[in-house]
Amino acid sequence: MAKEIEISNSESKFLLEALRQNYRLDGRSFSQFRDVKIAFGDEYGDVTIEMGKTKVHCRISCQITQPYEDRPFEGLFLISTENSPMAGPQFENGNNTNEDEVLIARIIEKAVRRSGALDIEGLCIVAGSKCWAVRADVHFLNCDGGFIDASCIAVMAGLLHFRKPDITVHGEQVIMHPVDEREPVPLGILHVPICVTFSFFNPMDTEENIKGDTNAEITIIDATLKEELLRDGVLTVTLNKNREVVQVSKAGGLPMDALSLMECCRKAYAITEEITDKITYVLKKDEKRRNKFADLLTSENARETS
Amino acid sequence: MSRLEIYSPEGLRLDGRRWNELRRFESSINTHPHASDGSSYLEQGNNKIITLVKGPKEPTSRSQVDTNKALLRISVNITQFSKFERSKSSHRNERRVLEMQTALVRTFEKNVMLNLYPRTLIDIEIHVLQQDGGIMGSLLNGITLALIDAGIAMYDYISGISVGLYDTTPLLDVNSLEETAMSSVTLGVVGKSEKLSLLLVEDKIPLDRMETVLAIGIAGAHRIRDLMDEELRSHAEKRVANASSR
Amino acid sequence: MSFQAETGILTQVDGSSQIQSQKTKIFCSVTGPIEPKARQELPTQLALEIIVRPSLGVPNTREKLIEDKLRAVFTPLITRYLYPRQLCQITLQILSSGESEQEFTQREVANSINATLLALIDAGIALNSMCAAISLAISSDDKLIMDPNDEQLKAAKSVHVLALELVESSTVVKNVLLLDSYGDFNEKQLFDILEQGEISLLKLGKEIRSIVESKIINSNLIIQK
């Protein structure tokens, strides 16, 4: 029994009335994304993302296995997004057939795996017999809405941060060098998809929404848990910095005008750019922290002093 | 493998259509009057879909009772023989199918006047006999027809269609060959409006092309709505004629 | 044994804690007392659902074994008769195990026990007494190592986990809750472990108490404001 979270009538009325008057409970504007905090652990590919109270942890790992028979030149890549009751009692352990959980898993899958964000051909070691299997384990620690957005950032930041052990191939023989012997190598990332979720509210009655042309529906970005519980419709747009739409999912819900949906995509692009830059920035900072002496060793430094 | 010419320089597609032409669209309703309260059979190109609506009826278990509105349940059965090569597994509990069902339920939840049928269950069963691309759109059309046949109150038609994007040319109503060769967008449009109830993009599309693709899609969906409307009206006329002749 | 701990960090559960000791990092959440599923319900006392999730891959028998050990420790510790027909859900998420997962569970078990205790206190679940746990190893030159790291575990002749029940402001040991030993060791060494373990666990117990105390003082300050 997954306990459903319930929200009281007075609280839901308060929240909706506030939205009608252009206010959100946490004081954000309608199109403001929560501040994303990205923290890396000691190991490569260990990332914690915090967005407001939402907290997601992602751990990337890899091992050598046999590739699929029908795809001998490709490595394996798997994303696991299993929920546990830690994120809230509404999630049941080991049961991931809940509608929302299926949608989360599918959207992450489409955004990251199907869009080819990770170069899986680069994971091939010996065609047909050996390849890398990369695994991303996403753990939801605290739920305050925006799981899709947060886990997508977590997986991408994790993949960018991860290093796999260096290998040497002699014919069929593969030697894996421990991390302390040889500098590990990063994964091939082809693009960085970022998910942005929009929530729709209908301030008027259903008929006005379907027949009318006022288009007065309220659109907010990055809803919190309470807003998620009360919303009438949801749209998740996944974009990358190359102005490509990677995935769009508006699985039913409140019918929305096509032009306002386009407007959402455009807004999402600005956020995508911002978050991608942020990921690059924290990655650079982490790299510096890990390798304090890199500056001393580079030839650039030598030239500066002379 | 020889490369197929998806869109020839003369402006013809694999099956001889122009970029803005729909596939053959044939539908009939009340095809299974004894098995269900409303039913439809739809052929959209080579997609062949049977939709059965059962209800509003008494919910099978106590936990399904909602005192405010009807419960909508949709199950999609993609038959193992629906593609050229027989699939080894039944698709029942695949995540992809679960996702489709959820999307369909959430689309029709907002369009069917569920509040008129409290404490009941509306069960929709879909059997995909053959699939040839743009299946999600066809499912929407099939459900709309079957719901109307069942006499369940709705705000408007929902018509579904997929549009592909070949380089810079949008191609309306893609078949499976086109679908595998390029990225496509699936839309669910409400009636004659420009409102989208469903919008799914599963592959990369340039952001700046989205608008044209959507525009073509909406136009195509409106055309499908008219085709469905025509079929429904002719069916109704036949029935009225039958009833009055008795 | 040095560790950092924090409580009350998650908002959707009744109690939570995060513990980090060397490279081992664990999150724990406690929800309860809540309504149980029919098959979990116990007519006279609180039912416990313990879930351990590994940082890599899916939970399997190894995690089940850790769950069982935790259950053995906490079943006598929680005042279960106070909550008949209720359920307490304890979820542990291991962020970083700090040991070779294929060979050892010692560090995870010991730290999970400490994390769970803190989360239970944070959730306000009634406890009969406190507990504290530590992992130990006996090295190849027969030296006893407290809170060994991964290399020390690998080089050890035997590895152990010790959990003790502490009473009277964590000054007296009441019971041994768990003593889990693997490897080659003799009777004298085992008693040595109990003896040395007791000393450091009493110290650890005080540390845990001070964490809880400072937490209470802080929350009182907030209430007074």
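The largest cavity holds about 30 Å³ of space, where a cavity is a set of points on a 1 Å grid over the protein atoms alone at which a 1.4 Å probe fits but cannot get out, and the volume is the space filled by probe spheres set on the points, joined across faces, edges and corners. The structure is a predicted model, in which local features need pLDDT of at least 70 and side-chain atom pairs count only at pLDDT 80 or more, whereas totals for chains, interfaces and linings use all residues. Residues are numbered from 1 along each chain as its sequence is written, chains are lettered from A in the order in which they are written, and side-chain values use heavy atoms, with hydrogens and water left out.

The lining of the largest cavity (residues with an atom within 4 Å of a point) is formed by A:I79, A:T81, A:A105, A:I108, A:E109 and B:R95. Two elements of chain A, β4 (76-82) and α2 (99-114), each give two or more residues to this lining, and α2(A) gives the most, with three residues.

Between chain C and chain A, the contact (heavy atoms within 4.5 Å) takes 25 residues from each of the two chains. The buried area, that is, the accessible area (1.4 Å probe) lost on being put together and summed over both parts, is about 2,300 Å², of which carbon and sulfur atoms give 57%. On the side of chain C, C:Q12, C:R53 and C:L95 lose the most area to chain A, together 25% of what that side buries. Two salt bridges (a side-chain nitrogen of Lys or Arg within 4 Å of a carboxyl oxygen of Asp or Glu) are found across this interface, and the side chains of A:E92 and C:K37 meet in a salt bridge at 3.1 Å, N to O.

Note on methods
On a 1 Å grid over the protein atoms alone, a cavity is a set of points where a 1.4 Å probe fits but cannot get out, and a pocket is an open set with protein on both sides within 12 Å along at least five of seven lines; lining residues have an atom within 4 Å of a point. Helices (H or I, at least four residues) and strands (E, at least two) are DSSP runs, numbered from the N terminus. Buried area is the accessible area (1.4 Å probe) that two parts lose on being put together, summed over both.
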